[in-house]
Amino acid sequence: MTDPNSSVSHLDLEESKKTFLDANELVINMGPQHPATHGVLRVILRLDGEKVMGLECVIGYLHRGVEKIAENRTYTMFNPYVDRMDYVAAVSNGLGYCEAVEKLLNIEAPPRANYIRAILTELNRLASHQLWLGTHALDIGAMTPLFYTFRDREEILKIFEKYCGARLTTHAFRIGGCQYETYEGFEKDVKKFLTFVAPKIDEYEELLTTNRIWVERTKNVGTISAKDCIALGVTGPVLRASGVKWDLRKAQPYAAYKQFDFEIPTGQNGDTYDRYLVRMAEMRQSLRIVQQAVEAIPEGPIMAKVPKVIKPPVGEIYHSIEAPKGELGYFIVSDGSTQPYRIRVRPPSFVNLQALELMCRGQLVADVIAVIGTLDIVLGEVDR
Amino acid sequence: MPGFITNYLDKNVHVTPGQYGSPFWALVYILLVFGGVSLAVVCMNWLERKILAHMQVRLGPMRVGPHGLLQPIADALKLILKEDIVPEGADTFVFLLAPLIILLSVFSVYCVVPFGPTHAITDMNIGILFMLGVSSLSVLGIVMAGWASNSHYPLIGALRSSAQMVSYEIAMGLAVVSAVLMTSLNSAGTGTLSMIGIVQAQYAQHTWFVFKFFPLGLIAFFIFAVAMVAETNRAPFDLPEAESELTAGFHTEYSGLRWSLFMLGEYAAMISVSAIAITLWLGGWMRPFPNLLHGPTWDLTFSLFPALTFFGLAAMTFYSTVRMPKHPYFRIQTIGLGAFGGVFALIGLILLIPRVHDSVQDVYWFVAKIAVFLYLYIWYRGTFPRYRFDQLMKVGWKVLLPLGIGVLMATGIVGLRTEIWDFVQRLVHI
């Protein structure tokens, strides 16, 4: 990779043009302005008729240099920026960052803060999965689930808004705990939401799970084996749908997750349908976790003793959490000053996107859309 | 009044203007049908958006006019005023011709659609063949549009579309043939391809063909009902314009008025294939149970339906008017909605006049049946995901085609069962 231009496209476009008349190969650009690439992903497809002979992702259209910005901000100042990476799961991003810095500072958030964090993060996981389901179904042609999921996601956003004033980029947590105490009636709202949303998830499943066309469109589409998943570093529901029981909430519990009783749903085939089922089951598990958390939420302080000026000792730390899309890791190098020397984010979407070519080769154009949807990428996180 | 205007009415003829040989009345009918279909497309546009919206827990258009009633008009105005873009590198002539071909083929079909025993532009003795033949010309327009755009997505869309329409036409044709076969089950043993003749055959045989030889008629109807959705490129077979894959398929490069011609063509095609299905299997213009429930009382009861429908619409509109917010900001909208209700009520009152309701009776039942089909179209769109291309082909060639052949053969065998039985007995006696 000495020549930066060589990495732009290893798909030899010149050569494709030459074979265009002989082999009838067609190179088409899907994106960056395309309704189904979930933002500004550009996919260069090499097609034989409708069959995908090869593809390449071109990313970077949403690059904002978040990691570089971090080097010029204090630890506290950088906190809101992480919300802008995976903007549909901003709470998870904030949690990962705060916990990483806490680990670097060697402090621990008080139990009540951990419970609040768990509740909000799981609600956010549910919101993220709902948004995924709606857009994924829309890509495959089912319009209606989108509106159902957005209707129900709204209730989660309302809780966020009441809690911290923001709906999407919440900036809910601070280093050392939470800034805000829960508002009056928070528990009641959450419990009400739980009873409201459980039948709604059944409703989504009613529309899709046994729908003949849905099953045909998703079964054996974009299949990826557990071995390939591990080789590519794919995590999250994609990995679990391939049959690997790996969830950081169980494997290396953070926040208050040790206290909760929940299961890790897995699939067997690693196809789009299994990923759908795994995510649907995860929604229900999230509800279970929130239910337990809101019932057992302890009293006490919500903020640990954190110095006014955050100046971590020299050193480096890697901390990762289970974001809705997979393993979200923060690697922070501290040089002892108030600003991080380097922050590197391991975004689940970026790593999962690498599996796209493997999952799509030999399939049809329509399957590329289904696979992009099932990977559940957010371009804000891919490009950062 | 000049003779050429009154002659068709005076003689109380029981044929269509085309058969009667009156160019004037044929022209009147052509204009009526063209205007009626265009109006139906506008209504369908509004209804589709509203019904789909209510299926999807939202309101749909609400701003332009009361309950968005004027939205289609606003959209049409916008489309007409938009710049007419022909992309650079496009084959201009073909590009401009394509939407016209689609429109032409779709509207030609209405020449033989029987809205009533005399309410058709003309009645051809090869009516159903004409309909299938002309409506399949629209694939030409789609291929031309896709090719002339000189762009990848429209090209793929057009290829998909042509493959899809051609393969579903076969299954469709087989289903149609089995219905035509049923028309020959009379004492003379002669069938008919005339659209009016097919409906009259159903009347003579005292059954809609969908219930004939149960379940054979039903299966043939089902094949047609699936194939017609594919034929009109609607969900779940809307691959040629699969938004999430091909942005807008064959009409990606079109804009403004030309794009709206494609839309007009699509909706008009939906209505025309529904008309075929109704004519062949659902008794065309006939009211329910014309043989079983006849007599003056029943005739009067059924002839009140058109008026009742409009009174119902008026009642719904008035109810919405009452429910409108009382804020002065909504005053014009409230008045407008009330006016709509008034128009509906007025039409209902006109329909109470015996002379009127006798003559619109047939058209009313025909349109009511079409409305059911159009509702189904909307319902499919709200419910189903989209098929993939190979699955679509699989359904067409491996499911519908064998089923169609089977139904055709079974219909023939069942229809000729007495003859076959005689033949077998004769063989045995020899």
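## Close-up views of a predicted two-chain model

**Figure 1. Overall make-up of chain A.** Chain A holds 17 helices and eight strands, in a model that is predicted throughout. The C-alpha trace of chain A extends over about 70 × 50 × 35 Å along its principal axes, and 51% of the 384 residues are buried. Of the contacts in chain A with a separation of 6 or more, 70% are made by residues 24 or more positions apart.

Figure 2. The average pLDDT of chain A is 85, with 94% of the residues scoring at least 70. Residues 1–10 of chain A remain under 50 in pLDDT, and for this stretch the model has four contacts beyond four places in sequence. Residues 16–21 of chain A also have a pLDDT below 50, and here the model shows five contacts beyond near neighbours in sequence.

**Figure 3. The two domains of chain A and the contact between them.** Chain A is divided into domain 1, covering residues 4–58, and domain 2, covering residues 66–383. Taken over C-alpha atoms, the centres of these two domains of chain A are separated by 31 Å. Where they touch, 15 residues of domain 1 of chain A are in contact with 16 residues of domain 2 of chain A. On the domain 1 side of this contact, the elements that give two or more residues are S2 and S3 of chain A, and S3(A) gives the most, with five residues.

**Figure 4. The hairpin of S2 and S3 in chain A.** Strand S2 (residues 42–48) of chain A runs antiparallel to strand S3 (residues 51–58) of chain A, and seven bridges join the two. Within this pairing, Leu45(A) stands opposite Leu55(A) of S3(A). The strands S2(A) and S3(A) form a hairpin with two residues between them, and in the turn Gly49(A) has a positive phi of about 70 degrees.

**Figure 5. The hairpin of S6 and S7 in chain A.** Strand S6 (residues 315–323) of chain A and strand S7 (residues 326–334) of chain A are paired in the antiparallel sense over nine bridges. Ile317(A) is placed opposite Ile332(A), which belongs to S7(A). As a hairpin, S6(A) and S7(A) have two residues between them.

**Figure 6. Overall make-up of chain B.** Chain B has 18 helices and zero strands. Its radius of gyration is 24 Å, close to the 22 Å that the globule rule gives for 430 residues, so chain B is as compact as a globular protein of that length. Along the principal axes, the C-alpha atoms of chain B fill a box of roughly 90 × 55 × 50 Å, and buried residues account for 42% of the 430 residues. Among the contacts of chain B between residues at least 6 apart in sequence, 76% join residues at least 24 apart.

Figure 7. Domain 1 of chain B is made up of residues 87–292 together with 354–429, while domain 2 of chain B covers residues 305–351. The centres of the two domains of chain B, taken over C-alpha atoms, are separated by 35 Å, and the contact takes four residues from domain 1 of chain B and five residues from domain 2 of chain B. Leu349(B) is found in helix H15 (residues 331–350) of chain B. Leu349(B) counts as partly exposed because it has 14 C-beta neighbours inside 10 Å, a number that lies between the limit of 12 or fewer for exposed and that of 20 or more for buried. Although Leu349(B) and Leu308(B) are 41 residues apart in sequence, their C-alpha atoms are 9.3 Å apart in space.

**Figure 8. The buried face of helix H6 in chain B.** In helix H6 (residues 127–135) of chain B the buried residues are Gly127(B), Ile128(B), Met131(B) and Ser135(B). Viewed down the axis of H6(B), these buried residues fall within an arc of 100 degrees, so they line one face of the helix. An α-helix has 3.6 residues a turn, so residues three or four places apart point the same way. The cover over the buried residues of H6(B) includes helices H5 (92–108), H7 (138–148), H8 (152–183), H9 (195–204) and H12 (256–281) of chain B.

Note on methods. Residues are numbered from 1 along each chain as its sequence is written. Chains are lettered from A and ligands numbered from 1 in the order in which they are written. This is a predicted model: local features need pLDDT of at least 70, side-chain atom pairs count only at pLDDT 80 or more; totals for chains, interfaces and linings use all residues. Helices (H or I, at least four residues) and strands (E, at least two) are DSSP runs, numbered from the N terminus. The arc is that of the directions from the helix axis to the C-beta atoms. Two residues are in contact if their C-beta atoms, placed from the backbone, lie within 7 Å. pLDDT is the predictor's confidence in each residue, from 0 to 100. Two strands pair if DSSP finds at least two bridges between them. The radius of gyration is taken over C-alpha atoms; the globule rule is 2.2 Å times the number of residues to the power 0.38. Domain bounds come from an automatic or database domain assignment.
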